[in-house]
Amino acid sequence: MTSMEKRLQKELQALTKDPPAGVIVNTESVSQNMSEWIVDLYGAPGSLYDGEKFQLSFKFSPRYPFDSPQVMFIGPNIPVHPHVYSNGHICLSILTDDWSPALSVTSVCLSIVSMLSSCQEKKRPPDNAIYVKTCSKNPKKTRWFYHDDTV
Amino acid sequence: MELLTEFPHLLPQNRQGTVYDGFISVHNRHYRVQINLHVPGQLSEASVSCDWKLQHILRRYEHIIKQRLQQCSTLHDFLIELRSIIERQLEQEEKDLGQTGVFQVCEQLLADLEQLGWERLVYIDPSFQEIHLQLMDDGNRKHVLKVQLSNEYPKEKPKCLTELPAKFEVHWTASSHLQDIYSQFHHIVSLYQEFWDMMEEIDRNTWVLEPEKPNYSAVHRRLAISSGASVQIAVDPKHPRVLPECRFLGADQAVSPLRESMGKNIQFWNEDRSLLDNLQMLLGITFPSPSNSKKEDFSVECGICYAYRLEMEIPNEVCNDARCGQSYHQSCLYEWLRALPSSRQSFNTIFGECPYCEKPITARMPMK
């Protein structure tokens with residue numbers, strides 16, 4: 001096993017044994033391929049997304065955790081949120097510039113849940129239409145400008 | 001005339017030149033040969049007789065010799081052919097003799113083992129080239145001596161592989177045997193008894209982080225002191241009670257009190273006491289031991305790869321911030337910091353931020 005697989009194995013163990021509220025890793029998807037995970041995310045009670053179910057896709061490069069994972073929403077329900085584009089891409093600094101190996105799948109999931117929870121009004125990013133048409137498939141290829149820390 | 005220069009010891013016995021008698025020389029050995037041509041100059045009718053040694057050498061070549069007699073036009077040509085046949089056969093015999101050399105080695109070896117005692121033999125390979133002998137020392141420790149023999153044994157010095165803290169040099173003479181190596185090994189092993197006694201006491205009563213499984217040759221130990229600190233000692237196997245070289249590993253706030261108490265207590269080092277006693281006195285601590293703790297408490301994982309052991313490495317770099325104290329493998333931390341634009345490198349040290357607490361941290365370049 002490579003160093004990356006060993007770490008993911010440990011993360012998976014911790015996440016399945018002791019999952020944070022609203023985060024459930026789809027172990028079936030992971031058992032086939034260690035470098036691609038699907039995580040089910042539930043909107044926090046009391047938030048605008050209460051009762052909604054989302055799916056997050058995690059893709060890990062062989063250089064993980066030195067490289068950040070590629071994280072995006074997939075499936076039929078993409079949350080309507082000022083930092084989430086309709087193609088599932090998420091504008092979140094810890095996924096690119098502010099990534100650190102001290103972060104993990106669990107902490108990324110928690111950050112996304114908290115990002116959703118602090119939302120005041122369900123709306124798409126203002127540049128959604130043009131971004132979705134022109135962006136790369138890989139959200140990590142986008143030059144993100146993190147301008148709004150309030151949501 | 002040609003015949004006389006090439007074969008000077010073979011002389012014609014009559015005027016017609018039909019009978020020759022004398023010696024043929026091959027590899028400085030001389031064999032008696034008589035050749036009777038019966039008809040002058042007519043080789044095909046000739047008869048050849050020789051001494052028993054040559055007969056033995058040529059026993060399988062009779063038909064070839066007859067053939068050569070038919071083919072060769074002069075006696076000189078025939079004799080050259082005959083000589084090359086003898087040469088070839090002698091070379092072949094020498095090679096065969098080499099084969100029997102192996103049997104001689106085996107025979108010698110069996111006799112040696114008989115004398116040494118079969119109970120000391122733990123392994124012998126099917127070609128009798130490698131032998132492992134065991135030795136129980138005074139401390140009831142089992143040592144294995146691996147001997148590699150050549151075909152030239154006992155003429156040639158065998159190679160010895162041992163697990164000793166220093167190189168094992170065998171004194172070997174032409175008349176030496178396996179028993180001599182064994183007794184030399186026994187002597188050397190007896191010299192290190194005190195060293196192994198001291199190390200065993202340490203291994204039993206502390207958590208040894210490195211080496212993973214110390215063998216009899218290991219003079220280094222890395223001993224856990226707390227979850228964030230350890231000490232690496234290098235013991236002199238010839239003087240195991242002398243103060244060893246000590247290197248502390250861990251965060252500053254964990255290590256500096258140890259350094260302080262070392263400076264204070266170094267004068268009380270007492271060579272009559274055991275190494276472990278002295279170390280505990282020196283550092284003013286009691287090492288956590290298997291009787292009161294779990295090893296997992298001290299084998300703290302790397303904050304980047306989440307593993308304790310990365311090939312041969314264990315986490316060596318520690319964040320010096322008291323509230324963080326995160327451990328990292330040197331190579332993991334270096335790998336992370338060197339990719340960051342905010343890091344700064346000076347010679348073989350890189351300065352950056354702890355991935356967990358973002359306080360300044362340094363990593364030395366791993367030696368590859």
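Predicted model: local features only at pLDDT ≥ 70, side-chain atom pairs only at ≥ 80, totals over all residues.
**Entry 1: a helix pair in chain B**

I began with α7(B) and α8(B), which are roughly perpendicular to each other. Helix α7 of chain B covers residues 252-265 and helix α8 of chain B covers 275-283; they pack at an angle of about 110 degrees, with their axes 7 Å apart. Axes here are lines fitted to C-alpha atoms, over the stretch in contact for helices, and angles run from 0 to 180 degrees between N-to-C directions. The helices and strands are DSSP runs numbered from the N terminus: H or I of at least four residues for helices, E of at least two for strands.

Then I looked up who touches whom. From α7(B) come Leu258(B), Ser261(B), Met262(B) and Asn265(B), and they meet Met281(B), Leu282(B) and Leu283(B) of α8(B). I sorted these contact residues into five nonpolar, two polar and no charged. Contact means C-beta atoms, placed from the backbone, within 7 Å. For the classes, Ala, Val, Leu, Ile, Met, Phe, Trp, Tyr, Cys and Pro are nonpolar, Asp, Glu, Lys and Arg are charged, and the others, Gly among them, are polar.

**Entry 2: what kind of model this is**

Residues are numbered from 1 along each chain as its sequence is written, and chains are lettered from A and ligands numbered from 1 in the order in which they are written.

I checked confidence next. Chain B has a mean pLDDT of 87, with 98% of its residues at 70 or more; pLDDT is the predictor's confidence in each residue, from 0 to 100. For the complex, the predictor gives an ipTM of 0.85 and a pTM of 0.64.

**Entry 3: the two chains**

Chain A has four helices and four strands, and along the sequence they read α-β-α-β-β-β-α-α. Chain B has nine helices and 17 strands. Of the 151 residues in chain A, 26% are buried; for the 368 residues of chain B I also noted 26%. Buried means 20 or more other C-beta atoms within 10 Å of a residue's own, exposed means 12 or fewer, and partly exposed is in between, with C-beta atoms placed from the backbone.

Where do the chains meet? The contact takes nine residues from chain A and 11 residues from chain B. On the chain A side I get four nonpolar, two polar and three charged.

**Entry 4: sheet β1-β2-β3-β4 of chain B**

Four strands of chain B form an open antiparallel sheet in the order β1-β2-β3-β4. The edges are β1 (10-12) and β4 (47-50) of chain B, each with a single partner strand, so one side of each has no neighbour in the sheet. Direction ignored, neighbouring strands of this sheet are turned by 25 degrees against each other on average. Strands pair if DSSP finds at least two bridges between them; β3 (residues 29-36) of chain B and β4(B) have four, in the antiparallel sense. I found Asn36(B) opposite Ser47(B) in β4(B).

**Entry 5**

β5 (residues 121-124) and β6 (residues 130-136) of chain B pair antiparallel over three bridges, and Leu121(B) has Leu133(B) in β6(B) as its bridge partner. β5(B) and β6(B) make a hairpin with five residues between them, and Phe128(B) in the turn has a positive phi of about 60 degrees.

β6(B) is joined to β7 (residues 142-148) of chain B by seven antiparallel bridges. Glu130(B) stands opposite Gln148(B) in β7(B). β6(B) and β7(B) also form a hairpin with five residues between them, where Asn140(B) in the turn has a positive phi of about 60 degrees.

The whole sheet is open and antiparallel, in the order β5-β6-β7-β8 of chain B. Its edges are β5 and β8 of chain B, each with a single partner strand, so one side of each is without a neighbour in the sheet. Neighbouring strands are turned by 20 degrees against each other on average, direction ignored. α5(B) packs on this sheet, touching β6, β7 and β8 of chain B, and its direction makes about 145 degrees with that of β7(B).

**Entry 6: Ser176(B)**

Buried or exposed, or in between, for Ser176(B)? It is partly exposed, with 17 other C-beta atoms within 10 Å. Ser176(B) lies in the loop between β8 (159-161) and α5 (178-191) of chain B. From Ser176(B) to Tyr153(B) I have 23 residues in sequence and 9.6 Å in space, C-alpha to C-alpha.

How values were computed: Parallel < 35°, antiparallel > 145°, perpendicular 65-115°, else oblique. Contact = placed C-beta atoms within 7 Å.
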